[in-house]
Amino acid sequence: MKEKLPPYLTTEKAVGETPLVALERLRTEAHISSDIPLAYAGRLDPMASGKLLILVGDMCKVQEQYHSLDKEYEFEILLDVHSDTSDVLGIITSDRKIEVLDEDTIREIAHALQGEITLPYPHYSSKTVRGKPLHTWTLEKRLSEIEVPMKKSKIHKLTYLGKTVIMGDALYKNVMEKIESIPPVTDERKALGADFRREDVRAAWKSLHEANSHTKFQILKFRCIASSGTYMRSLAEVIGDRLGTKALAYSIHRTKIGKYMPLIRGFGFWIKSY
C-alpha cells in the first residue's frame, strides 16, 4: 500500500531557483509520482530564498484559499545603491550619501512603518495591468501609458536586526554569485528580457565595483511579518528613502507562512504556520 501524502508540503527555495524548479525538486526528493498534481501557493522572486508552500493533489483545486496567508521574512538592504528591479538582479546606479547611521533612527523608522501601508508594485513584477504583466510594460518602455498599481498591505511587525559593513570587492563577488545562480534563460518569454538582461546587469555592477572596490558599503538587516503580497523589495526602497538615500533588497529569505494574530504594542503570535 502506498503511503498517503499530506495535503501540503513545504520546501526551501534556493536563490536562483524558480518556484517551479523548487516544486519539481521536491517532487523528486519526496518520490512523488508525476500523476499527482502539485502547486505552489505564494511566489518567491528569483533572488529570494526560503519557505515555499506546496499543495498536493486535490488541494490544488482550492489554491485560492492559500493566497491570503501572512509571511515572515528576514531581509537585508544595501544602502546608497538603486536598482530598477529593487534587488540585485537589476540595472544599478550608485548614490553615495550616508557616512554614519544612527541605529536609534533606524529603529524609529522600522517602528513607524508598522501598520497599514501602501507600497508600489515593483516595475519588474508579475502584477497584471490591462491584461499584461507590469514587467512587460517596463521592458516595452510603455510605463507612461499606465498607472503603476499600488498594494495596500499591513506590516504586523518590522524589527531592525543590525548592521554589517562590506567592502566593494566582497560585495561584487557576492552579487555575482547571486546573479549567476540562475541557469541561462534563452526563451525571452520566460525571463524579464533576454536572460534577465544579465549582460547589462553584470556591466552595471562591474562599473560600480571598478569605482568602489575599496569602498565600505552598509547593509541593514530586518525581520518583517506582513500580510500576503507585501514586496520586501518595495519596503527596502521605502526604508532607504526615509534614511535619506537609495536602497535595494540585498537578500530576502522567507521564514514563515501562516496566519498571524497581532496584539498591542508590537506583540503577536502565529495562529497557524506551515
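1. First, the ground rules. This is a predicted model, where local features need pLDDT of at least 70 and side-chain atom pairs count only at pLDDT 80 or more, while totals for chains, interfaces and linings use all residues. Residues are numbered from 1 along each chain as its sequence is written, and side-chain values use heavy atoms, with hydrogens and water left out.

2. Overall fold. The protein chain holds six helices and 13 strands (DSSP runs, H or I of at least four residues for helices and E of at least two for strands, numbered from the N terminus). Its C-alpha trace spans about 65 × 50 × 40 Å along the principal axes. The radius of gyration is 19 Å, which agrees with the value near 19 Å for a compact globule of 274 residues (taken over C-alpha atoms, the rule being 2.2 Å times the number of residues to the power 0.38).

3. Inside and contacts. Of the 274 residues, 47% are buried (under 20% relative accessible area; exposed is over 50%, partly exposed in between, with a 1.4 Å probe and protein chains only). Among contacts between residues at least 6 apart in sequence, 72% join residues at least 24 apart; contact means heavy atoms within 4.5 Å.

4. Ser 234. You will find Ser 234 in helix α6, residues 232-242. Ser 234 counts as buried because its relative accessibility is 4%. Leaving aside residues up to four places away in sequence, Ser 234 touches Leu 119, Pro 120, Tyr 121 and Pro 122.

5. Arg 197. This residue sits in the loop between α4 (168-180) and α5 (198-212). With a relative accessible area of 15%, Arg 197 is buried. Its side chain makes a polar contact of 3.0 Å with the side chain of Tyr 124 (a pair of N or O atoms within 3.5 Å; within protein, one must be able to donate a hydrogen and the other to accept it, and residues adjacent in sequence count only if both atoms are side-chain atoms). Arg 197 and Gly 90 are 107 residues apart in sequence, yet 8.0 Å apart in space, C-alpha to C-alpha.

6. Backbone angles to look at. Arg 197 is not a glycine, yet has a positive phi of about 55 degrees. Lys 141, not a glycine either, has a positive phi of about 55 degrees. Lys 141 lies in the loop between α3 (134-139) and β10 (150-167). Is Lys 141 buried or exposed? At 74% relative accessibility, Lys 141 counts as exposed.
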